[in-house]
Amino acid sequence: MGEDVSRQQFTGADRVRFRSQVSRGTEAIARMLVEGLFTDHGRPPEPLLGMEVELNLIDAAGNPAMANAAVLDVIADPDYQTELGQFNVEINVAPRPFVGADTIGLEQALRGSLNRAEAAAATTGNHLVMIGMLPTLRDEHFRHHWISANPRYDLLNEQIFAARGEDLELDITGVELADDRDREHLQITTDSILPEAACTSLQLHLRVAPEDFAAHWNAAQAVSGVQVAIAGNSPFLAGKALWHETRIPVFEQATDTRPLELKNQGVRPRVWFGERWINTIFDLFEENTRYFPALLPVSTDVDPLAVLDAGGIPELDELRLHNGTVYRWNRPVYDVVDGRAHLRVENRVLPAGPTVIDIMANAAFYYGVVRGLVESEQPVWSQMSFDAARENLAAGAHWGMRAQLYWPDIGWVRPDELTLRKLLPIAERGLTSFGVSEKTRRRYLEVIRGRCLTQQTGSVWQRRAVAARERAGDSRAQALHGMLTDYTVLMHEGEPVHTWPVP
């Protein structure tokens, strides 16, 4: 969620000043691009893999545990932080070189860190679960008092509802759990943005040279629909069987600042895929300035253009804060480390889990495909409309492996076939170009291959497990709790989800 923000009231003058500061920050970005002031200007950056993994907390019975403060106290690791809901924590994985066999070292480090955190959490009677959406969450868990204690979260909640002027409504029609079932429909109203906290994700960061940013962002957009289709892990919310990757519509609806009238006018949503391919990162920051009012208009006294005039590198606090409240599925990131500025693409479409090796396989597939597409002779984004990429994301999230996606030179195709025929070879080439070892490439891409051949994602396994339990006589609540118990055991055993048996 970005920097801590103290609770305060905002005036009209605050908003005017913040808008001016964001605009000047955008001008500073333009100058820095022209003047070559980014660390990676003119040369390929050292490939670094960085990630954030959001986790859910459950008690011994599998119910959401509103205990992140107590759990973080016993974990006592600065890599673990609060998230929006009291049933969430997040681990930030420090960037590592994405070359040789170092990626397997990252897998081992992540597994070790999660094991230590789980052991610490267990001393409080709670447990960590890597899952895209906790299936035992119910609508009562979205009440305002379950927001985490950090004042930023309550302030963000307040500002979203002030902009919206009315309660939030989730309205989602799902996919049949079995051929003999009807589609289930979730319709709930809430006075908080806590449904957003139900959307626990894997966020992947890739540092890129400024002149290469547009190509990497466009490639990430183009492949987003395939990502969610072959990695879905969020099929249940509030007792309903919904999309294979329900995080996508829930996140879109849970942070929507627009009442119906503004939707009808075509006002852009805060959770946004975008509307066009870009030519430079400046396009995205300019859109932020042009289309989105401030949610948290906290300003400094620093003039970023004056910092540039003095030979310095500006932090651009207002631009970064504003950018953090425009929830693009592929977000541009400006950052300054040791006085040097760089740019990153933050990929936000993937769910957490199910296992560490599944997370690493999803990361390797994403990085490999993006690099392979960027290095292709004819860019894929020059061969398909932006609308097709946006529709692919919705279809992949809705239908999972059963989706029909559009891809140039192929037409309409299922994601498993597209991945096996076209994208795995591209990912192989991309990872090779990064300098990833053959052992690492084989380890992770075989997981993706196995998932496509078995057509079993985390979402598919969850749905099959719940349907089997209901056929055996369980109620929905019993089936969800039983499935989550089995899921947690298999998650700790660590085998990729496509090998999991359905009980």
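User: Is strand E12 (residues 330-337) mostly covered or mostly open?
Analyst: In this predicted model, strand E12 is mostly covered, as seven of its eight residues are buried.

User: Which strand is joined to E12, and by how many bridges?
Analyst: The partner is strand E13 (residues 340-351), joined to E12 by eight bridges. The two strands run antiparallel.

User: And what is the bridge partner of Pro332 in E13?
Analyst: Pro332 is paired with Val345.

User: How many residues lie between the strands in that hairpin?
Analyst: There are two residues between E12 and E13. In this hairpin, Asp338 adopts a positive phi near 55°.

User: Let us move to the core. Which residues touch the most other members of the largest nonpolar core?
Analyst: They are Met51, Leu237 and Tyr334, in a core of 159 residues.

User: Which helix gives the most to this core?
Analyst: Helix H11, covering residues 356-374, gives the most, with 13 residues.

User: New topic: what is the volume of the second largest pocket?
Analyst: Its volume is about 290 Å³.

User: Which residues line the second largest pocket?
Analyst: The lining includes Glu176, Asp179, His244, Trp399, Arg402 and Gln455. Val460, Arg463 and Arg464 are also among the lining residues.

User: Which helix gives the most to that lining?
Analyst: Helix H15 (residues 458-471) does, with three residues.

User: How does the lining divide by residue type?
Analyst: The lining of the second largest pocket has five nonpolar, two polar and five charged residues.

Methods:
Residues are numbered from 1 along each chain as its sequence is written. This is a predicted model: local features need pLDDT of at least 70, side-chain atom pairs count only at pLDDT 80 or more; totals for chains, interfaces and linings use all residues. Side-chain values use heavy atoms; hydrogens and water are left out. A nonpolar core is a set of buried Ala, Val, Leu, Ile, Met, Phe, Trp, Tyr and Cys residues joined through side-chain atoms within 4.5 Å. Buried means under 20% relative accessible area, exposed over 50%, partly exposed in between (1.4 Å probe, protein chains only). Helices (H or I, at least four residues) and strands (E, at least two) are DSSP runs, numbered from the N terminus. On a 1 Å grid over the protein atoms alone, a cavity is a set of points where a 1.4 Å probe fits but cannot get out, and a pocket is an open set with protein on both sides within 12 Å along at least five of seven lines; lining residues have an atom within 4 Å of a point. Grid points are joined across faces, edges and corners, and a volume is the space filled by probe spheres set on the points. Ala, Val, Leu, Ile, Met, Phe, Trp, Tyr, Cys and Pro count as nonpolar, Asp, Glu, Lys and Arg as charged, and the others, Gly among them, as polar. Two strands pair if DSSP finds at least two bridges between them.
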